[in-house]
Amino acid sequence: MSDVVELTFPVRSDLLVLARLTAAALASRADFGIEDIEDLRLVVEELCLSVVGNETNGTIHLQYTREDGLITVGCSLSREGGSDGRADGEANDMSLRIIEALVDEYGENMVADRRQAWIRKRRSKVAS
Amino acid sequence: MSGDAGNPHTPHELWVKFAATRDPSLRDQLVTENLGLARRLAHRFAHRGQSYDDLAQVASMALIKAVDRYDPERNVKFSTFATGTIIGELKRHFRDRGWSVRAPRRIQELYLELGTTIESLGHGLGRSPKVSELAKATGASEEAIVEAIEAGQGYRSASLDAPGAAGATLGDSLAAEDVAVTLIDERSVLEPALASLPDRNRVIMKLRFIDGLTQSEIASQVGISQMHVSRLLATSLAQLREAFTADL
C-alpha cells in the first residue's frame with residue numbers, strides 16, 4: 001500500500017518551502033530518522049533545481065509516493081511553449097552530486113510528455 | 001542522469017596506493033586535488049547565517065576525513081562518498097553554531113533545543129532519532145518539529161533560496177559562485193595550519209572533524225566542559241581561517 005501526494009506550484013523560490021515541508025512531513029510519517037529527513041529536504045530542493053534550470057516561468061510538478069520505509073519523489077516542469085527545462089553546467093553538476101550522495105536511487109523518465117527526474121530514498125535500517 | 005567524479009584527474013590507482021600505504025604526501029595530494037569539491041559545497045550552503053569562510057573550513061576538514069575513510073575497493077566514487085561526508089559535517093556545524101532565522105521565537109527556540117536533543121538522543125539511541133521521539137523529548141508536537149527543521153534554514157542549500165536579481169534564474173547565481181570557487185588556488189594549507197595549533201587544540205580538532213565526535217563526547221574524553229571544547233574549536237577554526245586567508 002502506498003500514499004501518493006501531488007504538489008504543483010509556479011517556479012518561484014519562495015514557494016519551494018512547500019516542496020521541502022511536504023517531503024519532511026511525509027518522511028516523518030514514514031518513520032524516517034531526522035538525518036534522513038534533512039537529507040531528503042536537501043535532495044528535493046536539488047531535484048527541483050536540476051529540473052527547473054534556467055527557466056523563469058512554468059509550473060513545477062512534484063509527486064511524492066510513500067511506501068513502507070521508502071519515499072519516491074518525481075519532479076517535472078511544464079511551461080507554455082513546451083520546453084521542459086534543464087539546468088546546465090556547474091549548478092546542475094553540483095545538484096547531481098548532492099542527489100547521488102544522499103539517495104538510494106535516482107533517474108529520469110517521461111510522464112505525460114514531460115521529462116521527470118526522480119529520486120528514491122529508503123529509511124535507514126538503523127532508524128527502523 | 002549521472003554525476004562525474006570529484007576530481008576526474010585523480011587516478012584510481014592513487015586511491016589504491018594511498019589505501020595500502022597511508023602515505024602522508026599522497027594524502028596531501030588527494031586532499032588538494034579535491035578541495036574544489038569541498039569549497040563548492042561550502043558555497044552551496046553559504047547563503048544563510050554562516051560565513052563562507054567558516055563553512056569552507058568545516059567542509060575542508062570533512063574532506064580530509066573522507067580521504068582518510070574512503071575505501072577504493074567499494075563500488076562508490078570518491079566524489080559521492082565525500083559529498084555525503086561533507087554535507088553531514090555542514091549540517092552538524094549548523095546545528096552546533098546556530099543560525100540566523102526569520103521565524104517565530106518559539107520555533108527558533110525549539111530549533112535550538114533540537115540541536116542538543118538530536119545529539120543527546122542520537123547518542124543514547126545509537127541512531128538518528130525519529131520526529132516522534134524528538135516531539136516526546138521536547139514536549140512539542142510533531143508538526144512543530146517539522147516546522148522547526150524547515151525554519152532552520154541555516155543549512156538550506158543556497159540554490160533555491162535566493163530570489164536573485166531581477167531576471168536572474170534560480171541557477172544563475174549558483175553557477176557564478178561555483179565558477180568563482182573553482183578559480184581559487186587550491187593549494188593544501190590545512191596540514192601545516194593544523195600543525196601550528198597547540199597540542200590540545202589539534203587533538204580536539206581531530207576528534208571533532210576527523211573522528212566525528214560531538215562536542216559533548218570530546219568533552220568527556222578530554223576531561224573538560226563542552227563549553228570549553230566549543231571555545232577551543234572556535235579559536236582553532238579562527239586560526240585556521242587566518243592561515244587559509246593568508247595563503248590564498
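**Entry 1: α1 and α2 of chain A**

I began with the crossing of α1(A) and α2(A), which is right-handed. I use the handedness rule that a crossing is left-handed if the near helix is turned anticlockwise from the far one by less than a right angle, and right-handed if clockwise. This is a predicted model, where local features need pLDDT of at least 70, side-chain atom pairs count only at pLDDT 80 or more, and totals for chains, interfaces and linings use all residues. Residues are numbered from 1 along each chain as its sequence is written, while chains are lettered from A and ligands numbered from 1 in the order in which they are written.

The axes of α1(A) and α2(A) come within 9 Å and cross at roughly 145°. Axes are lines fitted to C-alpha atoms, for helices over the stretch in contact, and angles run from 0 to 180 degrees between N-to-C directions. Helices (H or I, at least four residues) and strands (E, at least two) are DSSP runs, numbered from the N terminus.

I then listed the residues that meet. On the α1(A) side I found A:Leu16, A:Ala19, A:Arg20, A:Ala23, A:Ala24, A:Ala27 and A:Ser28. On the α2(A) side I found A:Asp36, A:Ile37, A:Leu40, A:Arg41, A:Val44, A:Glu45 and A:Cys48. By class, this contact of α1(A) with α2(A) has nine nonpolar, one polar and four charged residues. Contact here means C-beta atoms, placed from the backbone, within 7 Å. For the classes, Ala, Val, Leu, Ile, Met, Phe, Trp, Tyr, Cys and Pro count as nonpolar, Asp, Glu, Lys and Arg as charged, and the others, Gly among them, as polar.

**Entry 2: the sheet of chain A**

I traced the strand order next. Five strands of chain A form an open sheet, β1-β2-β3-β5-β4, with antiparallel pairing. β1 (3-10) and β4 (105-111) of chain A are at the edges with a single partner strand each, so one side of each has no neighbour in the sheet. The twist averages 20° from one strand to the next. I count two strands as paired if DSSP finds at least two bridges between them.

β2 (residues 59-67) and β3 (residues 70-78) of chain A run antiparallel and are joined by nine bridges. A:Thr65 stands opposite A:Thr72 in β3(A). Helix α2 (residues 34-52) of chain A packs on the sheet and touches β2, β3 and β5 (114-122) of chain A. The direction of α2 makes about 20° with that of β3(A).

I followed β5(A) on both sides. Seven bridges join β3(A) to β5(A), antiparallel. There A:Leu70 has A:Arg122 in β5(A) as its bridge partner. Seven bridges also join β4(A) to β5(A), again antiparallel. In β5(A), A:Arg120 is the bridge partner of A:Glu105, and A:Arg115 is that of A:Met110. I looked at the turn too: β4(A) and β5(A) form a hairpin with two residues between them, and A:Ala112 in the turn has a positive phi of about 50°.

**Entry 3: across the two chains**

Helix α1 (residues 16-29) of chain A packs with helix α7 (residues 142-151) of chain B at about 140°, axes 10 Å apart. α1(A) and α7(B) are therefore oblique to each other. The cut-offs are under 35 degrees for roughly parallel, over 145 for roughly antiparallel, 65 to 115 for roughly perpendicular, and the rest oblique. The crossing of α1(A) past α7(B) is right-handed. From α1(A) the contact takes A:Val17, A:Arg20, A:Leu21, A:Ala24, A:Ala25 and A:Ser28; from α7(B) it takes B:Glu142, B:Val146, B:Ile149 and B:Glu150. I sorted these as six nonpolar, one polar and three charged. For the complex, the predictor gives an ipTM of 0.76 and a pTM of 0.64.

**Entry 4: chain B**

Helices α1 (residues 12-21) and α2 (residues 24-44) of chain B pack at about 140°, axes 9 Å apart. That makes α1(B) oblique to α2(B). Their crossing is left-handed. B:Leu14, B:Lys17, B:Phe18 and B:Thr21 in α1(B) meet B:Leu26, B:Arg27 and B:Leu30 in α2(B).

Chain B averages 74, and 69% of the residues score at least 70. Over residues 154-189 of chain B the pLDDT is below 50, and the stretch has 86 contacts in the model beyond near neighbours in sequence.

Note on methods:
Contact = placed C-beta atoms within 7 Å. pLDDT = per-residue confidence, 0-100.
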